[in-house]
Amino acid sequence: MSDVSRTREDVRRARYAVAAVFAVHGAVTGSFATRVPWIQDHASLSAGQLGFALAFTAFGASCAMPLAGRISHRFGSRTALRGLMALWTLSLVLPSLAPNLYTLCLAMFTYGATAGMADVAMNALGVEVERLLDRSIMSGLHGMWSAGALVGSAAGTLAAHLGSDARLHFALAAAVLTLLGMVACTWVLDVQPAEDEEPPPRFALPPRSALLIGAVGFCAVFAEGASLDWSAVFLRDRLDSSAGVAAACTTGFMLTMAVARIAGDAVVNRFGAVRTVRAGGVLAGLGGLLIVLAGHPAVAMSGFALMGLGIAVVVPLCFAAAGHAGPNPSQAIAGVATITYTSGLIAPSLIGGVAQATNLMVSFCVVTALASGLAVFAGVLRTAERGGRTEISRQAAAVPDPRP
């Protein structure tokens, strides 16, 4: 479908639909994160073994993400996203079924591969809607992801508090989220390739434009992944918290992420990407210090909340910059996503390995250092931000104004 054939109502409806897809994607992650301690106990894993298994999530995503562009080219964006989202929501069940380290690694690889492909497809559609609207929406879309993760983690917190079996919890969550995802995909944009357009390669190295942008995302995703996967374990093992309180920490982290991302578009439009990310790096660093120095669960929970607030808008800004930095948004987004998921690949194993050798407090010293680095390296988004706005304005001049 060409730009000129899309009406204002089409684009408005597509924006809400892709926002719903982001929320469903986040709900899967939130559901999983709160039951990591249950999965660790069920598979009888040490901290180091758990970190090794969690690393397969990002490994699977990094291997599979380059395929997303080719799948979208082959089937069209709407059909591709519908299929990839179904695979992702249903894969939630797999980790709870793993009885040992080896089967959990295989389950996490599949879980990560489906997550990564769906992630690239939905972000590419988000960038396309942003281009047509000619205004920033990516932070808000990722805010919907965080809102979905918050709902998923809240349900997981309740399930953990009640002592329910994660296999039953995940089966019910997967069924509901699969249905919601299929409904939402009905109204997303259906972007079809031109007849003479060459399909993207099955696998490709990240384009040069994605490398520096991806480095900023690397720091943010490391802090996000460490907090998401290890916050509940940190409170349980380091501060002797109950399962319910430990899971609530993950929920609080997701809450601040959701609020910051939903408000993020207005902040970025007011202050710009660079100043927003620099301020976020300072907040994340302060949160990390609270976590490291915490002697009470409430202090650590406050630290994780500040960490979430500080890093919330970084990844949406990186994806938006990548999507506007070159002629092929899917390939550029896949490049940045590959780099950031590589951070996710390193984070769980490094946190677990350092914790095995020392303790979790030392692990979160590493997290704090990387999160604080956002304040130093935010300047690399300046050129991408400027170029992205120019590209959006140039392209939007050719299409009717879709704003209400």
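**Briefing: confidence, core and surface patch**

Confidence in the protein is lowest in helix α17 (residues 381-396), with a mean pLDDT of 46, and highest in helix α6 (residues 93-97), at 97. This is a predicted model. Average pLDDT for the protein is 84. A score of at least 70 is reached by 86% of the residues.

- Where pLDDT is low, the predicted coordinates should not be read in detail.

**Nonpolar core**
- The largest nonpolar core holds 120 residues. Within this core, F32, L81, F234 and F364 touch the most other members.
- Helix α7 (residues 101-133) supplies the largest share of this core, with 18 residues.
- F234 has contacts beyond its neighbours within four places in sequence. Its partners there are L239, I291, A300, F304, L360, M361 and F364.

**Nonpolar surface patch**
- A nonpolar patch on the surface is formed by V282, L283, L286, L289, L293 and L309. Together these residues have about 540 Å² of accessible area.
- Helix α12 (residues 273-293) gives the largest share of the patch, five residues.
- V282 lies in helix α12. Its relative accessible area is 48%, so V282 counts as partly exposed.

Key. Residues numbered from 1 in each chain as written. Predicted model: local features only at pLDDT ≥ 70, side-chain atom pairs only at ≥ 80, totals over all residues. Heavy atoms only, no water. pLDDT = per-residue confidence, 0-100. Helix = DSSP H or I, 4+ residues; strand = E, 2+ residues; numbered from the N terminus. Core = buried A, V, L, I, M, F, W, Y, C linked by side-chain atoms within 4.5 Å. Buried < 20%, exposed > 50% of the residue type's maximum accessible area, 1.4 Å probe, protein only. Contact = heavy atoms within 4.5 Å. Patch = residues over 30% accessible without salt bridge, like charges linked within 9 Å, V, L, I, M, F, W, Y side chains within 5 Å. Areas by Shrake-Rupley, 256 points an atom, 1.4 Å probe, with all protein chains shown as cover. Salt bridge = Lys/Arg side-chain N within 4 Å of Asp/Glu carboxyl O.
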